[in-house]
Amino acid sequence: MDPDHSFREDLSALVRRDAVKRCTTQICVVGEELANDERLNELLAMHFKLKVVYSEKDGREYTDSDMVFLVRSFESSEFTVLREANKRILGPGVIYAFASRGHEIIPFPRENRPLFSYSMKDVRMCASGTNNDESRKLVDLIHFMGGSARRDLSNTPNEYLVAKAARGSKYRDAVRFNLPIMNIEWVYASWKRRNEVDFRATEKSFMDEHRLKPFEGLRLCFIGFNHDDKVEMAEVTTRNKGHVVLHHREATHAVFETIVGMDRDRLKGRVDDSSKAFNVTKQWFWTSVDRGVCMDEEAFPAFEQTQVKLQPRENRKRQAASPGADDGVPAANRRNMSKTSIDNLESSNNSALPEHLFSTDDLEKLTISPRRVDKRRMLCLEMLETEENYLRALNLMANEFKTPLEERNADPANEVLTKSEMAQIFGKIPPLIQVHSNIARNLRTLIRHNWRNDNLIGKMWADHHNDLQKVYPPFINSYDTAKQMLDDCDAMKPRFHNFLKAVESRPECARNTLRDLLIRPVQRLPSVILLLKELAKRTEKSNPDYAYITHAIGYVEQVVSLSNESRRQTDNYARLLELLNEIDGLPADFVSSSRAIISQVEMNVLATGGNWTDLKGRTICFIAFNDFVVLAKVRTGVQNLNLTQKTNKNLTLSRNISFIDSLKFRSEKKKYKYSRLCYFSMFRKIERVTARGAHGTIYVVTLRDNIGGDEPLIVQPGGDYTTDSLDYFMNTLCKHAGMMASRELPIETIDDEYFATSLQTSYPETYQLLLKAMGNMTESSKDGTLRRSSTFKRAVSSVSLSLSRISKFSSRSNLHNMSERS
């Protein structure tokens with residue numbers, strides 16, 4: 001709704017209400033400055049048709065009870081005199097506000113309630129944490145701007161709490177009533193803008209600047225946290241106007257890390273009993289940051305007090321009479337123990353007899369179960385338990401993270417994540433919940449409620465194999481994108497970070513982060529396969545479930561295989577797009593969903609023959625696809641383009657590349673320059689040089705050219721690639737070329753004997769090129785890569801050429817006599 005329209009309606013209602021009572025008919029303009037304001041005087045006389053009189057002093061000469069006094073400043077001596085005389089006083093802001101909205105009457109002000117503007121109209125203010133003088137000043141300013149003040153909160157519309165610190169009973173009431181809580185500066189900043197006709201103190205952007213921070217006026221200390229957590233929480237405290245102290249006795253709030261086991265007593269020992277600080281959990285801290293208010297400390301106690309509750313007399317008597325009532329075992333555990341006793345001794349009629357009626361020997365016999373432990377059932381119970389735990393993790397993501405975020409995002413003003421971000425992080429979770437809810441329900445029926453040794457557990461998994469196949473490949477395929485989006489939003493969006501911290505600190509999350517929960521579906525099916533295989537071992541082959549378990553293992557493994565294959569294809573396609581984008585001059589028809597990268601390596605070409613001489617002395621990238629090999633020249637001084645997000649095991653295409661970004665990438669110099677395409681049939685021979693003249697790793701790759709015939713390329717590892725990288729590429733190339741060309745392509749060896757005899761006579765061109773290449777070789781650095789000495793020679797010759805060009809201009813024969821005439 002338009003705020004101006006709302007304000008006009010408010011003023012209209014005010015005019016109508018006061019018009020029934022009284023309206024201003026005459027006004028006294030006090031002071032020379034207002035008397036000389038032509039526009040103001042024209043509005044008073046012509047627009048509002050008021051009887052206007054002027055006073056050069058303080059207006060006390062006019063004693064008419066209907067007279068309204070117009071004062072320029074509420075901080076002037078004239079204002080003080082008139083207010084002490086209980087006169088009706090207005091400021092110029094009221095006149096301009098009514099005139100700008102077309103009203104022709106001015107309400108009659110109340111006695112001793114000066115009104116300067118309507119910037120706080122309808123605001124009902126209650127102050128907290130202020131002394132008497134400050135409260136009186138705040139009340140005056142609120143009245144001057146058209147608002148009202150209350151001593152206590154009553155949970156009525158338009159109520160606001162103005163506080164100095166995030167504590168106190170009024171503050172707690174305001175949080176409970178969900179009222180806006182403002183700092184004192186909100187009132188003072190509004191008063192500074194009192195002359196702005198269209199200004200409203202309740203504008204959202206203005207209020208957001210002056211909301212009371214959740215830790216304002218508080219002193220926090222952090223106990224039990226690691227260094228990184230302390231640093232982050234200290235920064236958050238400072239941003240939220242709190243102070244960090246080192247000692248418990250100096251704090252208003254002591255924030256404790258989640259207390260588990262023996263750590264509870266250790267941390268409790270660090271509590272100063274003389275301190276009046278609230279001992280709260282980190283959930284209180286992060287929930288306060290997320291909600292923007294200091295949460296109730298009693299809801300987040302770090303150390304819960306043990307309370308002894310009195311029971312009715314009948315219950316106490318009954319409890320005293322029951323065996324084992326005071327054995328210190330919780331009721332739930334006693335129920336479990338009773339249930340176990342019934343399972344183990346269900347054929348015994350003496351299980352309910354008191355222990356003192358039995359001899360020691362009898363007790364020892366009773367403690368031994370007459371039935372052998374059913375290992376198959378125990379494993380089925382484990383399967384059910386893990387399934388229920390997994391389903392709880394899925395529901396936790398949906399109920400504690402996804403649903404609250406959707407509720408906040410429903411209000412555009414409070415949006416935490418966009419719809420696209422929500423879909424990428426949580427979009428694949430609901431289908432998993434639906435499938436596993438059905439699986440858990442069926443397992444519960446078969447294992448917990450209606451157990452029989454021949455229940456078809458394997459059949460249940462086999463029946464759900466189609467459902468699993470529908471939901472798991474999409475999740476696995478998008479997992480990296482979801483995880484990357486989660487990390488990016490966590491790092492770039494403070495509101496989302498605060499939300500995550502608040503939810504993750506809750507007890508129900510059991511110290512699991514959303515990132516931890518998000519990986520659970522990736523781990524679930526492999527664990528199901530292990531459980532099914534173990535169940536097969538504990539199931540007799542005569543059991544009808546045995547065949548179903550075997551089929552179920554195959555079905556679930558098939559789902560895992562399909563999921564991995566889908567992910568592998570996505571990763572390969574992403575890597576393909578990345579690499580193709582880095583090659584300049586690549587034909588447009590290279591992009592294909594059926595094309596995949598097999599391997600790639602960068603090699604220094606030491607020598608070539610025939611039509612390949614343009615590659616000599618260059619670093620060439622050999623990229624083996626599944627249908628051919630691309631050769632691209634490597635440009636120096638060009639960095640890889642960051643079109644992919646690199647993870648530990650794979651590459652995933654970034655989904656945040658815009659059209660403008662793609663144009664930018666296209667215009668930048670790319671790392672590779674396309675040279676030529678080679679089919680696998682063109683690779684005729686690959687030889688590894690082990691002769692003594694070869695320092696490091698050298699390969700001779702013989703390629704068949706349709707024009708020049710078979711031509712050798714003598715190469716060594718280049719760039720950041722090592723000897724192992726080159727060996728792996730050559731082995732992969734030979735294997736794939738053998739499959740594509742339907743012929744074997746083994747890696748042959750050029751040793752000292754072959755180099756000196758057969759190579760020289762059978763392949764003289766290759767011999768001469770290799771001999772020249774080895775003659776120009778020097779030993780490599782420790783990484784195994786080689787450098788040619790001719791590279792340095794070429795650099796020196798380039799410098800010499802440049803110097804010779806400079807000497808041309810520095811020669812005396814090229815200098816002319818200077819004229820000494822001016």
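Tutor: Before we start, contact here means heavy atoms within 4.5 Å. This is a predicted model, where local features need pLDDT of at least 70, side-chain atom pairs count only at pLDDT 80 or more, and totals for chains, interfaces and linings use all residues. Residues are numbered from 1 along each chain as its sequence is written, and side-chain values use heavy atoms, with hydrogens and water left out.

Student: OK, how many helices and strands does the chain have?

Tutor: There are 30 helices and 25 strands. Those are DSSP runs numbered from the N terminus: helices are H or I with at least four residues, strands are E with at least two.

Student: What about α18, which residues are buried there?

Tutor: I429, L432, I433, V435, H436, I439, A440, L443 and I447. Buried means under 20% relative accessible area, with a 1.4 Å probe and protein chains only.

Student: And which helices do those pack against?

Tutor: The buried residues of α18 pack against α16 (375-409), α17 (419-426), α19 (457-463), α20 (465-492), α22 (514-518) and α23 (520-537).

Student: New topic: where is M145?

Tutor: M145 sits in the loop between α6 (132-144) and β6 (148-149).

Student: Why does M145 count as buried?

Tutor: Because its relative accessibility is 0%.

Student: So what does M145 touch?

Tutor: Leaving out residues up to four places away in sequence, M145 touches L115, S117, Y118, S119, M120, K121, V187, S190 and W191.

Student: Zooming out, what percentage of the chain's residues count as buried?

Tutor: The figure is 43% of the 822 residues.

Methods:
Buried < 20%, exposed > 50% of the residue type's maximum accessible area, 1.4 Å probe, protein only.
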